[in-house]
Amino acid sequence: MNAPSYNFAYLDEQTKRMIRRAILKAIATPGYQVPFASREMPMPYGWGTGGVQVTAAILGPDDVLKVIDQGSDDTTNAISIRKFFGKTAGVATTTSTAEATVIQTRHRIPEAPLHGGQVLVYQVPIPEPLRFLEPRETETRRMHALGEYGLMHVKLYEDIARFGHIATSYAYPVKVNARYVMDPSPTPKFDNPKMDNCPALQLFGAGREKRIYAIPPHTNVVSLDFEDHPFARYRFDAPCALCGAGDSYLDEIVTDDKGGRMFVCSDTDYCETRQAAGHRGSESAAPHREVAHG
Amino acid sequence: MVEPRSDGLEDPPLLVAEGLGKDYGRLTACKDVSFVLYPGEVLAVVGESGSGKSTLLQLLSAQLTPSAGRVSYRMRDGMLRDLAALGEAERRFLFRTDWGYVHQDPAQGLRMAVSAGANVGERLMAVGWNHYGRIRDTASSWLQRVEIDTARIDDAPRTYSGGMRQRLQIARNLVTEPRLVLMDEPTGGLDVSVQARLLDLMRNLVNELGLAAVVVTHDLAVARLLSHRVMVMKDGRVIETGLTDQVLDDPREPYTQLLVSSILPV
Amino acid sequence: MIDVCGAEKTFMMHLQGGIELPVVRGVSFRVEPGECVVLSGPSGAGKSSILKMVFGSYRCDGGRIGIRHHGGMVDLAAAEPRQVLSVRRSTIGYVSQFLRAVPRVPSIDVVAEPLTASGMARADARDRAGALLRRLNIPERLWSLPPSTFSGGEQQRVNIARGFICDLPILLLDEPTASLDAANRAVVVELIGQKKRQGVAMVAIVHDDEIRRVIADRIVDVTAFASAA
Ligand SMILES: Nc1ncnc2c1ncn2[C@@H]1O[C@H](COP(=O)(O)OP(=O)(O)OP(=O)(O)O)[C@@H](O)[C@H]1O
Ligand SMILES: [Mg+2]
Ligand SMILES: [Zn+2]
């Protein structure tokens with residue numbers, strides 16, 4: 001540990017115990033939002049203080065930490081969180097999905113299948129899926145308690161009425177373990193199927209709203225839909241321009257100032273791993289994306 | 001004297017209020033109200049502002065806990081149940097399916113930012129309807145029944161006139177074919193011509209669907225047009241009750257006579 | 001069909017310092033099927049009040065109003081509101097002195113309503129309503145209009161049509177011909193004759209001596225019941 005003025009992983013032991021209790025309760029009631037006493041962290045709320053507190057509470061000295069932001073290991077946000085834990089907990093960090101034991105994420109689930117023993121920690125801005133239509137917290141809590149979820153379908157109905165299909169493509173609501181409806185945080189709905197029956201433990205932390213919820217390993221997670229408008233993943237017209245993957249979530253990137261653009265994997269580790277294994281896409285001749293050195 | 005047969009007279013009561021009362025500290029908003037409502041029967045509760053009408057409606061719908069007495073309701077399985085003894089989930093389910101509640105202010109009974117179709121469809125989705133096309137068709141046929149142009153199905157009630165909002169609220173309530181509808185001043189705040197249209201519509205729907213209803217109103221013309229029976233309230237108590245034409249044409253109590261004499265002929 | 005026995009009615013006028021207004025006492029008469037009883041007496045004698053007591057709109061302060069209903073006798077003076085409603089649905093029809101129409105409802109539906117209310121299909125009910133309106137000389141172009149803008153005589157004919165359309169065993173008529181011309185009075189007399197032949201028991205109030213002579217099987221003088229006497 002190279003910063004002895006901090007407690008391990010920044011938070012004091014009592015706070016971590018409090019958060020762990022909330023996590024245990026969340027695991028015991030999959031999809032249910034457990035309130036916790038969120039602490040101030042040395043970063044602004046928008047930076048995922050909820051996820052950071054969850055990570056701080058579960059991290060052990062032997063853990064290997066990966067942090068991604070929109071699938072990328074090299075955004076300012078991802079780098080600073082990784083540095084933060086490197087400094088306060090002295091844990092090993094990685095960009096490899098396969099090697100990590102704890103992955104903190106904002107807006108994506110890695111493309112490579114997760115395995116047992118891994119923990120995926122989501123940063124959540126707004127944990128309440130019903131808030132869109134019912135702003136009263138007392139009422140939404142009662143709706144969860146009684147399993148009254150008609151309102152969720154009202155939102156999907158509105159989508160279809162307005163756009164002809166369910167246009168919600170982020171934060172697409174799911175029902176966990178056939179009981180609680182949950183907001184999967186602003187991940188694209190492309191990632192929703194990965195939450196179902198996932199071998200890894202999934203934890204969700206909302207700092208500003210002081211809520212923690214969880215999906216234990218191998219839990220049933222169903223995306224809400226209508227019989228005549230079933231949930232559909234998301235289809236990309238072309239494979240990744242760099243690694244040729246046809247099964248990954250793509251970001252559009254601008255390649256030059258003349259309007260040139262291409263579609264590449266948003267999961268940088270996935271893309272690079274594939275390229276290293278010799279997979280090629282249509283633009284592979286073009287210069288590689290810059291890889292930052294976290 | 002031989003009891004007459006048929007005509008639904010042997011139907012058991014749908015709603016039974018026994019000695020209902022509500023105090024707010026030292027103030028008595030409602031006291032010792034008892035009545036029985038049968039399927040298909042419309043009861044008007046009249047009285048002036050502050051007479052306890054809305055309090056009564058809230059007691060009947062279990063939104064308020066009575067200080068005294070109780071309300072029982074015959075569930076679809078035929079059992080008469082004390083509302084206070086129902087679990088919250090059961091009560092709320094009843095509220096969304098077997099009951100309707102029409103607020104004086106449609107903004108309280110509608111989701112103003114959500115399309116008319118979804119406003120009507122919400123109760124269906126709440127009871128598990130999961131087919132968009134069928135939900136939409138049902139919503140659209142209800143819009144027709146309440147005389148709203150189906151071309152407006154995707155517009156939010158924000159963009160509707162007062163009369164349309166009230167009709168939409170009625171459609172939203174009736175879509176699950178409830179057996180009991182509670183209405184608090186359903187025509188309040190509307191122009192006379194708009195009121196007439198709404199009343200006519202409500203009369204027809206109540207007849208067609210065989211709804212039982214409790215209608216709170218201070219407008220005796222509304223009571224006259226919609227109800228079979230009238231209950232007159234004053235200072236939280238029922239002072240007179242009977243068939244609508246009996247009470248309005250032959251009022252007995254001083255207060256009822258005053259009410260009847262202070263309106264234009266209806 | 002009707003057996004009124006010792007019925008009485010007093011109005012208590014609370015707004016006029018609680019004065020008591022005795023109207024009738026000891027009202028007793030019977031009406032058999034196919035019979036038309038006409039109530040007579042000067043204005044204010046209580047004719048309309050008695051009719052309303054028989055219909056159940058006015059509550060009695062004493063006595064009984066026996067009505068044969070579904071094969072039994074019901075005392076309307078003591079009946080529950082639901083029972084009164086049931087009697088009105090299937091036993092007693094009433095043609096009031098003035099039409100009390102629902103706003104916005106077309107005349108033809110005002111007339112057809114008693115039939116649809118008792119379960120007849122709308123189209124059939126409208127057919128019968130139309131036939132009756134035609135017979136009462138209401139021009140077809142008026143059928144789709146609400147009667148609120150009609151002349152007094154037109155409104156009264158709509159009212160009569162509404163009262164006569166049902167096949168109920170008892171019919172109460174309060175001055176059905178008051179504002180009608182000779183031709184339409186004759187139609188009403190014809191309609192009453194037809195009801196009689198069908199065995200309907202009727203109680204009527206008519207001021208016109210000639211009409212009274214034609215329709216009355218028996219005249220009951222209401223002054224005999226005047227309680228002020
Ligand atoms: N929540 C409350 N707290 C205290 N007093 C109340 C409350 N609600 C109603 N009251 C009082 O109880 C009495 C009856 O009120 P209620 O609202 O039932 O009357 P209302 O007949 O519905 O009147 P209106 O016709 O004006 O709607 C009034 O004196 C009112 O001020
Ligand atoms: Mg009120
Ligand atoms: Zn790629």
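This is a predicted model: local features need pLDDT of at least 70, side-chain atom pairs count only at pLDDT 80 or more; totals for chains, interfaces and linings use all residues.
View 1. Apart from neighbours within four places in sequence, the residues in contact with A:T219 are A:P30, A:V176, A:N177, A:M195, A:D196 and A:N197.

**View 2. Helix α4 of chain A against helix α2 of chain B.** The axes of α4 (residues 137-146) of chain A and α2 (residues 88-97) of chain B come within 10 Å and cross at roughly 105 degrees. Angles of 65 to 115 degrees count as roughly perpendicular, so α4(A) is roughly perpendicular to α2(B). On the α4(A) side the contact is made by A:E139, A:R142, A:M143 and A:L146, and on the α2(B) side by B:E88, B:A89 and B:R92. Sorted by class, this contact has four charged residues, three nonpolar ones and no polar ones.

**View 3. The interface of chain C with chain B.** Here 35 residues of chain C are in contact with 38 residues of chain B. About 3,100 Å² is buried between the two chains, and carbon and sulfur atoms give 51% of that area. Within chain C, the residues that lose the most area to chain B are C:R59, C:R82 and C:R104; together they account for 27% of what that side buries.

Methods
Residues are numbered from 1 along each chain as its sequence is written. Chains are lettered from A and ligands numbered from 1 in the order in which they are written. Side-chain values use heavy atoms; hydrogens and water are left out. Axes are lines fitted to C-alpha atoms, for helices over the stretch in contact, and angles run from 0 to 180 degrees between N-to-C directions. Helices (H or I, at least four residues) and strands (E, at least two) are DSSP runs, numbered from the N terminus. Angles under 35 degrees count as roughly parallel, over 145 as roughly antiparallel, 65 to 115 as roughly perpendicular and the rest as oblique. Contact means heavy atoms within 4.5 Å. Ala, Val, Leu, Ile, Met, Phe, Trp, Tyr, Cys and Pro count as nonpolar, Asp, Glu, Lys and Arg as charged, and the others, Gly among them, as polar. Buried area is the accessible area (1.4 Å probe) that two parts lose on being put together, summed over both.
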